[in-house]
Amino acid sequence: MYQLTGKRILLGVTGGIAAYKAAVLLRLLQQHGAVVRVVMTRNACEFITPLTMQALSGKPVHTELLDLETESAMGHIDLARWADLVLIAPASANFIARYSNGFAEDLLSTLCLATSSPVMLAPAMNQQMWLNAATQENLKKIIARGIAVIGPAEGDQACGENGPGRMIEPEEIASLAAKSFETNILSGSRLLVTAGPTREAIDPVRFISNRSSGRMGYAVAMAAVEAGAEVSLISGPVNLSAPDRAELINVTSAAEMYSAVMQKISTTDIFISAAAVADYSLDTIAEQKIKKSSDSYELSLQKNPDILAEVAALNSAPFTVGFAAETENLELNAQTKLRSKKLDMIAANQVGEDLGFDSEMNALTVFWGAEHKQLQKASKTRLARTLITLIADQYNEKNINKTH
Ligand code: CTP
């Protein structure tokens, strides 16, 4: 059993009789939790109609590079950025030839050049075409660039011949797509993530909170699961479904988050504080609903414990990663937080339009020691995966240094 919860897959369909199987593949990917957008080449539309794929995916199918309507809804560069994985099934001999030479003459080949996400191809063609030296050379080039080529299978072909060239079955493609998200860089480690906002009660019906959606923290937890870690996620109130294979602990206030973290911390190797914890809470919470009897009303607040700083200050502190959401002076503020809270790493994001809070997309600058790395605007899922890779590198390095 595999799962693709929340993964954004751009399914590219090229011209070949196996194109009809792309409809089954689309359904399977969706059934396993993926969000799929379909791009079809002109030749693919000769074998299966965009309408079929549109009806199944519930989203407009993209066929043209310069189509005013689809470009205004989601331009080809946005589409390339949107994808967590570009999966091309079936990939024809012609497409493989164009891709290996870096052509960008139609939407799908352009997307393949424009994306920084992993690309996976499931070739399908006549066995002689597959065995042809030209195709084999093209494939070698593609594989050398880190593109995953899955299949083809051997057997009876639609053209009546028998040999290698049949697209592997949709079930196997979907399972390999899911596996492509999994690494083992954190296997054996125990990871604790906080996510979402906290709510500080004013009275039984009111509270102070913030715009955090929890998506970044949930994506980090998912990426850590995929990296083989044992993950616990302490979450403030969000509208997200529990990530598979992670322990979920729901909390409401900063005080609850603090005690949940402290209960877990002695068995934690890596602590990632992605929650937007309220800095202040009320001195006293009114027992009854406050009435609007006066013209003005003052709330008296007290500072909450800084969970992240307290964890980093522990004697046997885990590898500690903070987040910093900033509206100005990103680098300076992040560096200051890194040092003052004595963190191993901090991931800073500029809060702005379509970025950070309450958004699908984010961009991060990650700081550690004297180094930093810029992670360009991408989906939170993809950013989380890159962040987990950076964390794993630094965590493993620190552990090696400790044992020497
Ligand atoms: N954080 C925390 N506990 C708090 C406040 C913040 O653990 N009471 C953590 C957040 O999860 C985040 C980091 O500290 O990883 C930075 O949070 P941020 O709100 O950006 O910074 P603050 O330290 O609160 O500083 P300021 O609000 O002044 O920018």
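## Ligand site, cavity and backbone features

A polar side-chain atom of Lys337 lies 2.8 Å from an oxygen atom of the ligand. The protein covers 75% of the 560 Å² of accessible area that the ligand has on its own. These values, like the others below, come from a predicted model.

| Residue | Protein atom | Ligand atom | Distance |
|---|---|---|---|
| Lys337 | polar side-chain atom | oxygen | 2.8 Å |
| Ala275 | backbone N or O atom | oxygen | 2.7 Å |
| Pro305 | polar backbone atom | nitrogen | 3.0 Å |

Apart from the pocket, what cavities of 30 Å³ or more does the structure hold? There is 1 such cavity, and the largest cavity contains about 40 Å³ of space. Its lining is made up of Gln3, Leu4, Thr5, Lys7, Ala178, Phe181, Glu182, Met222, Glu226 and Arg245. These lining residues divide into 4 nonpolar, 2 polar and 4 charged.

The backbone has cis peptide bonds at two prolines described here. One joins Ala89 and Pro90, with omega about 0°; Pro90 belongs to strand β3, which spans residues 85-91. The other runs from Gly151 to Pro152, where omega is near 0°. Pro152 is located in the loop between β5 (148-149) and β6 (153-156).

Positive phi values occur at residues other than glycine as well. Asn329 has phi of about 45° although it is not a glycine, and its place is the loop between β16 and α14 (330-340). Lys342 is found in the loop that lies between α14 and β17 (345-350).

Methods:
Residues numbered from 1 in each chain as written. Predicted model: local features only at pLDDT ≥ 70, side-chain atom pairs only at ≥ 80, totals over all residues. Heavy atoms only, no water. Polar contact = N/O pair within 3.5 Å; in protein donor to acceptor, adjacent residues only side chain to side chain. Areas by Shrake-Rupley, 256 points an atom, 1.4 Å probe, with all protein chains shown as cover. 1 Å grid on protein atoms, 1.4 Å probe; cavity = no way out; pocket = protein on both sides within 12 Å on 5 of 7 lines; lining within 4 Å. Points joined across faces, edges and corners; volume = space filled by probe spheres on them. Nonpolar A, V, L, I, M, F, W, Y, C, P; charged D, E, K, R; others polar. Helix = DSSP H or I, 4+ residues; strand = E, 2+ residues; numbered from the N terminus.
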